Amino acid sequence: MTANHAARTAENEAAFLLPHLKLYFHILDLGCRPGTITRGLAKYVPEGSVTGIDLAPEVIEQAKSLAGQAGGVPSNVTFVTGNLLEGLQFGDETFDVIFMSQVLIHVPEPVKALTELRRVLKTGGCIADCEGDFPFHWQPYLPGLASLNKYMYEMVVTRRNTGSPHPDHPPYGRDHRGGSLVHVWAREAGFEPGMIEKIAKATMYRTPEE
């Protein structure tokens with residue numbers, strides 16, 4: 001999973017957002033993991049800033065370490081820890097853009113999370129969110145992939161719906177179809193329906209490495 005996260009870039013995960021960025025924007029990269037997207041976004045806002053935030057201190061340390069290996073943390077990038085559901089350490093209307101990828105599906109209360117993000121978002125700003133939908137589809141459906149699908153379903157759906165958390169993972173969001181429901185959650189969090197735009201994409205795994 002770490003290798004998968006490290007392969008993510010601003011160009012392959014946030015391509016839909018990049019044309020809308022201004023040089024002076026202040027961006028929050030929520031759930032930044034190893035920080036590859038965070039550093040990538042920084043190139044597009046040289047007069048602004050990007051703050052990468054994640055729940056786990058060890059993840060933030062990894063992000064800083066990987067940045068060091070890649071030439072250092074850019075001057076307009078900051079990595080911090082924070083808990084979205086407990087309230088972020090930023091003032092009201094701090095960020096022009098909030099980006100997140102596969103975050104709300106991991107959050108037990110996605111509407112509460114979006115409400116907090118709305119607080120730290122500037123008037124006229126935007127939240128750019130990528131969420132996946134379960135189940136994944138595979139062909140050929142090899143035994144290892146069948147086991148993965150079964151594990152993911154039990155971890156993300158069954159254990160969440162029964163209120164019994166997986167011993168190795170935190171409770172997940174209230175539904176495994178985050179991509180299908182993110183606009184519903186946004187409306188419940190107070191965002192104007194006419195200001196919500198949705199697009200979809202398919203991610204293909206083709207090579208042995210993928």
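The structure holds 2 aromatic pairs, where rings of Phe, Tyr and Trp (its six-membered ring) pair if their centres lie within 6.5 Å, and planes under 30 degrees apart count as stacked, over 60 as edge-to-face and the rest as tilted. Keep in mind that this is a predicted model: local features need pLDDT of at least 70, side-chain atom pairs count only at pLDDT 80 or more, and totals for chains, interfaces and linings use all residues. Residues are numbered from 1 along each chain as its sequence is written, and side-chain values use heavy atoms, with hydrogens and water left out.

**Exercise 1.** Describe how the rings of Y24 and F25 sit, then those of F90 and F95.

*Solution.* Start with Y24 and F25: the ring centres are 5.5 Å apart and the planes make an angle of 85°, so this pair is edge-to-face. Next, take F90 and F95, with 5.0 Å centre to centre and 85° between the planes, again edge-to-face. Last, check burial (buried means under 20% relative accessible area, exposed over 50%, partly exposed in between, with a 1.4 Å probe and protein chains only). F25 is buried at 13%, and F90 and F95 are both buried too.

**Exercise 2.** Find where E61 and K64 lie, and say how they interact.

*Solution.* First, the term: a salt bridge is a side-chain nitrogen of Lys or Arg within 4 Å of a carboxyl oxygen of Asp or Glu. The closest N and O atoms of E61 and K64 are 3.9 Å apart, so the two form a salt bridge. Now locate them: both are in helix 4 (residues 57-69), 3 residues apart, or about one turn of the helix. Helices (H or I, at least four residues) and strands (E, at least two) are DSSP runs, numbered from the N terminus. Finally, E61 is partly exposed at 47%, and K64 is partly exposed at 36%.

**Exercise 3.** Which parts of the chain does the salt bridge between D96 and K122 tie together?

*Solution.* Begin with the distance: the closest N and O atoms of D96 and K122 are 3.5 Å apart. D96 belongs to strand 4 and K122 to strand 5 (residues 121-130), so the bridge ties together parts that are 26 residues apart in sequence. Then look at accessibility: D96 is buried at 12%, whereas K122 is partly exposed at 26%. To finish, note a network elsewhere: salt bridges that share partners join D92, E116 and R119.
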